[in-house]
Amino acid sequence: MSGIVGNLNYLKSRIPASVKLIAVSKTRPVTDIVEAYNSGQRRFGENRVQEILDKKDLLPNDVEWHLIGHLQTNKVKIIVPFITMIQSIDSLKLLSIVNSEAFKINRVVDCLLQIHIAHEETKFGFNLKELSDVIESPGFKILNNVRLCGVMGMATYTSDMNQVRREFVNLSECFKILKDKYFIGKIHFNEISMGMSGDYEIAIEEGSTMIRVGSLIFGERK
Ligand SMILES: *Cc1c(COP(=O)(O)O)cnc(C)c1O
């Protein structure tokens, strides 16, 4: 058994069946993805549009691609036809453009709202107030070709696991507030995407429904 398959099996044995595993394959060769695919993995996460384009035609078309990195508006058109989920919606402008490109091809695209939970300037995302403003704005109500499925966030890159836990608690609370206020009858608004290789266990304890794990499956990135 290859390292990748063993790592995947180990990881799956440690997470509840209800938690979805996104195998983060950024920077990895297609051969690594094929190994994971052959062992049953279907959900893969990438943070660059060009990298998904380079890889996707070399892989079976039932691979489910999740975009987890910042999306530039000029790249929306290329990924809307095939992307399974855009986890990194960080502005109303981006959401509107995804909506209009999806409308043109008669698709509804699943999206997560990225929330800024880290104490770092570099991470993209909304805060709760900005998100409430977006959801209450007139432009939001007419977006019929995107389906909001929940929230995504990244914790601070730190060894302080108490801080990481607080940030995940914060994301879970944001999700609950949004759900109760705006998405109460929307059964599809049910995902909290949080947790990576170093913190997925804490994330699951704090309510994650979707973890995004790269290095624990494929090894350290160079
Ligand atoms: C790279 C990345 C991950 C996975 O990181 P690992 O530490 O390798 O598990 C998860 N989420 C996002 C947004 C990423 O960019």
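A polar side-chain atom of Ser215 lies 2.6 Å from an oxygen atom of the ligand in this predicted model. Ser197 also places a polar side-chain atom by a ligand oxygen, at 2.5 Å. For Lys26, a side-chain N or O atom is 2.6 Å from an oxygen of the ligand. A polar contact is a pair of N or O atoms within 3.5 Å. The ligand alone exposes 390 Å², and the protein buries 91% of that (Shrake-Rupley areas, 1.4 Å probe).

The residues around the ligand (a heavy atom within 4 Å) include Val24, Ile68, Met154, Met196, Arg212, Val213, Gly214 and Arg221. This shell divides into 5 nonpolar, 3 polar and 3 charged residues. Val, Ile and Met count as nonpolar, Lys and Arg as charged, and Gly as polar.

Two helix pairs were examined. Helix 1 (residues 3-14) and helix 2 (residues 30-38) have axes that come within 9 Å and cross at roughly 50°. Helix 1 is therefore oblique to helix 2. Their crossing is right-handed. Helix 6 (residues 128-136) packs against helix 8 (residues 161-182) at about 25°, with the axes 11 Å apart. Helix 6 is therefore roughly parallel to helix 8. This crossing, too, is right-handed. Angles under 35 degrees count as roughly parallel, over 145 as roughly antiparallel, 65 to 115 as roughly perpendicular and the rest as oblique. Right-handed means that the near helix is turned clockwise from the far one by less than a right angle. Helices are DSSP runs (H or I) of at least four residues.

Residues are numbered from 1 along each chain, and side-chain values use heavy atoms, without hydrogens or water. Local features need pLDDT of at least 70 and side-chain atom pairs 80 or more, while totals for chains, interfaces and linings use all residues.

Conventions. Polar contact = N/O pair within 3.5 Å; in protein donor to acceptor, adjacent residues only side chain to side chain. Axes fitted to C-alpha atoms, helices over the stretch in contact; angles between N-to-C directions.
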